[in-house]
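Hello,

Here is the structure I promised to pass on to you. Please have a look at it first, and then read on for my notes.

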Amino acid sequence: MVNRGGEAPEPERIAEQLSGRIAMQPDVFIVLGSGLGAIEQSVEDAVSVPFQAIRGMPRPSVKGHAGRFVMGSIGGVSVLLQSGRFHAYEGHGMDTVALPVRVAACLGASTLVATNAAGGIREDLGPGRLVRIEDHLNLMLGNPLAGSVVEGEARFPDMSEPYDRALGVLAANVAERLGISLDRGVYAAVLGPSYETAAEVRMLARLGADLVGMSTVPEVITARARGMRCLAFSMVTNRAAGLSDAPLSHDDVLEVGARAGGRLADLVSGVMAELGRISAGPDDHEGRAK
Ligand code: HPA
């Protein structure tokens, strides 16, 4: 593992470097999945900080993951965006995978919005379907909270409802208003990087998974340990292994993500606008209602 044995990256140090470059503290931390960079275009007054400009920041190595933080606002809500996520399959320790969430929390973010590309297991989840994750199976054989307790985090966080119910309802309402079809499902997180075998996909289906992917769960676990509210979306980029005739390829995942990612960007922007409207209070609420 890349960071094991070395010094653990310190979120406070990284947060300090970022806070010198932004005027506002972020309320929402958004993590972009493979090929899902379209959301970046919605950020107003964007300030982009490449990971290589930050001391102590590791680098992601996957195609489709650029490696930068973008700060700004969407729909009147101040956001910190991570473009280029760290995956355990790259050899990163779970502390590195979780690092950006910890940085965002140090900067004051109280909500995590995570996005990812996923394989569809449930029959109706074909390429291009957009799904709100309503629960997950952690099958990554690792947990970012293992080890000493990080300051500000719970030792044994409750995970009976990791995804915030009210945010989920809000997202469903926004999707309906925008005419975006949004399913709900259970996401199984596996280590990767090899895709699943057909037998593994049958196993995942029996375990209750609707989707499978290689990310998101470590970030959500970390966010919950910090008391952050979580909302997560999967863009289905392919039928999971054995459920279609086509072999799986990362290029196809990126291609579908790029083609269908605009809808996810519209949805996230809509959710941010709604959150902005709610936090502006009842007076403004009336004034700005559609
Ligand atoms: N399996 C695991 N991860 C994925 C898949 C998949 O089929 N598609 C996109 N990410």
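A word on terms before anything else: buried means under 20% relative accessible area, exposed means over 50%, and partly exposed is in between. Asp-124, at 39% relative accessibility, therefore counts as partly exposed. Please also keep in mind that this is a predicted model.

How many salt bridges does a search of the whole structure find? The search gives 13. One of them joins Glu-219 to Arg-85, where the closest N and O atoms are 2.7 Å apart. This pair links distant parts of the chain: Glu-219 sits in helix α5 (residues 217-225), Arg-85 sits in the loop between β4 and α2, and 134 residues separate them. Are these two partners buried or exposed? Glu-219 has a relative accessibility of 2%, so it counts as buried. Arg-85 is buried as well, with a relative accessible area of 1%.

Another salt bridge is formed by the side chains of Asp-164 and Arg-229, at 3.2 Å from N to O. Asp-164 belongs to the loop between β6 (130-139) and α3 (165-178), while Arg-229 belongs to strand β9 (residues 229-239), so this pair ties together parts that are 65 residues apart in sequence. Arg-229 counts as partly exposed, with 32% relative accessibility. There is also a network: salt bridges with shared partners join Arg-102, Glu-153 and Arg-226.

Now to the aromatic rings. The whole structure holds two aromatic pairs. In one, the ring centres of Phe-51 and Phe-69 are 5.0 Å apart and the planes are at 65°, so the pair is edge-to-face. Phe-51 is in the loop between β2 (44-50) and β3 (68-74), and Phe-69 is in strand β3, so the contact ties together parts 18 residues apart in sequence. Phe-51 is buried, with a relative accessible area of 1%, and Phe-69 is buried at 0%.

In the other pair, the rings of Phe-51 and Phe-86 have their centres 5.6 Å apart and their planes at 20°, so this pair is stacked. Here too distant parts of the chain are linked, since Phe-51 is in the loop between β2 and β3 and Phe-86 is in the loop between β4 (77-83) and α2 (94-106), 35 residues apart. Phe-86 counts as buried, at 1% relative accessibility.

Cys-230 is accordingly in no disulfide.

Next, a look at helix α6. This helix covers residues 250-279 and has a kink of about 50°, centred on Ala-260. Ser-279 lies in α6 and counts as exposed, at 63% relative accessibility. From Ser-279 to Leu-141 there are 138 residues in sequence and 38 Å in space, C-alpha to C-alpha. After α6 comes Gly-281, which has a positive phi, near 95°.

Last, the surface. Which residues make a nonpolar surface patch of about 250 Å²? They are Leu-139, Met-203 and Leu-207. Met-203 is placed in helix α4 (residues 198-207), and this residue is partly exposed, with a relative accessible area of 42%.

That is my tour of the model. Do write back with any thoughts once you have had time to look at it.

Best wishes

Technical notes
Residues are numbered from 1 along each chain as its sequence is written. This is a predicted model: local features need pLDDT of at least 70, side-chain atom pairs count only at pLDDT 80 or more; totals for chains, interfaces and linings use all residues. Side-chain values use heavy atoms; hydrogens and water are left out. A disulfide is a pair of cysteine sulfur atoms within 2.5 Å. Rings of Phe, Tyr and Trp (its six-membered ring) pair if their centres lie within 6.5 Å; planes under 30 degrees apart count as stacked, over 60 as edge-to-face and the rest as tilted. Helices (H or I, at least four residues) and strands (E, at least two) are DSSP runs, numbered from the N terminus. Buried means under 20% relative accessible area, exposed over 50%, partly exposed in between (1.4 Å probe, protein chains only). The bend at a residue is the angle between axes fitted to the seven residues ending there and the seven starting there. Patches are made of residues with over 30% relative accessible area and no salt bridge: like charges are joined within 9 Å, nonpolar side chains (Val, Leu, Ile, Met, Phe, Trp, Tyr) within 5 Å. Accessible areas come from the Shrake-Rupley method with a 1.4 Å probe; for residues, only the protein chains shown count as cover. A salt bridge is a side-chain nitrogen of Lys or Arg within 4 Å of a carboxyl oxygen of Asp or Glu.
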